[in-house]
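Here are a few notes to read alongside the model. Keep the 3D view open and click on each residue as it comes up.

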Amino acid sequence: MMNVTVLAVGKLKESYLRDGCAEYVKRLGAYAKVNVVEVNEERCSDNPSDSEIQSVIKKEGERLIQKIPKGA
């Protein structure tokens, strides 16, 4: 059976989105082992500068890279 890992930044806040994702994972479960991994999103100001946006993207990217399974 194939392993599928979904890496995501942040958590889904709306219940209808969480329900939809749960249904999708359930349906995929018949064909593959599905693992959803969420990493914390980086906070930034209400009006971020380009350098602040790049810093946030870099930090979130590093968190995602750490969660990639070995052998992927």
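1. Some housekeeping. This is a predicted model, so local features need pLDDT of at least 70 and side-chain atom pairs count only at pLDDT 80 or more, while totals for chains, interfaces and linings use all residues. Residues are numbered from 1 along each chain as its sequence is written, and side-chain values use heavy atoms, with hydrogens and water left out.

2. Back to Ile-68: together with Leu-7 and Ile-65 it makes up a nonpolar patch on the surface, with about 260 Å² of accessible area in total. Patch members have over 30% relative accessible area and no salt bridge; nonpolar side chains (Val, Leu, Ile, Met, Phe, Trp, Tyr) are joined within 5 Å, and like charges within 9 Å. The areas come from the Shrake-Rupley method with a 1.4 Å probe, and for residues only the protein chains shown count as cover.

3. Now the charged side chains. A salt bridge here is a side-chain nitrogen of Lys or Arg within 4 Å of a carboxyl oxygen of Asp or Glu. By this rule there are 6 salt bridges.

4. Which parts does the pair Glu-41 and Lys-13 tie together? The closest N and O atoms of these two are 3.3 Å apart. Glu-41 is in the loop between β2 (32–39) and α2 (50–67), and Lys-13 is in the loop between β1 (2–9) and α1 (15–28), so their bridge ties together parts 28 residues apart in sequence. Helices (H or I, at least four residues) and strands (E, at least two) are DSSP runs, numbered from the N terminus. Glu-41 is partly exposed at 33%, whereas Lys-13 is exposed at 60%.

5. Lys-59 and Glu-42 also meet in a salt bridge, at 3.8 Å from N to O. Lys-59 belongs to helix α2 and Glu-42 to the loop between β2 and α2, so this pair ties together parts 17 residues apart in sequence. Both ends are partly exposed: Lys-59 at 38% and Glu-42 at 21%.

6. Last, stay within helix α1, where Lys-26 and Glu-23 lie 3 residues apart, about one turn of the helix. Their closest N and O atoms are 3.4 Å apart, forming a salt bridge. Lys-26 is exposed at 58%, and Glu-23 is partly exposed at 31%.

Terms used:
Buried means under 20% relative accessible area, exposed over 50%, partly exposed in between (1.4 Å probe, protein chains only).
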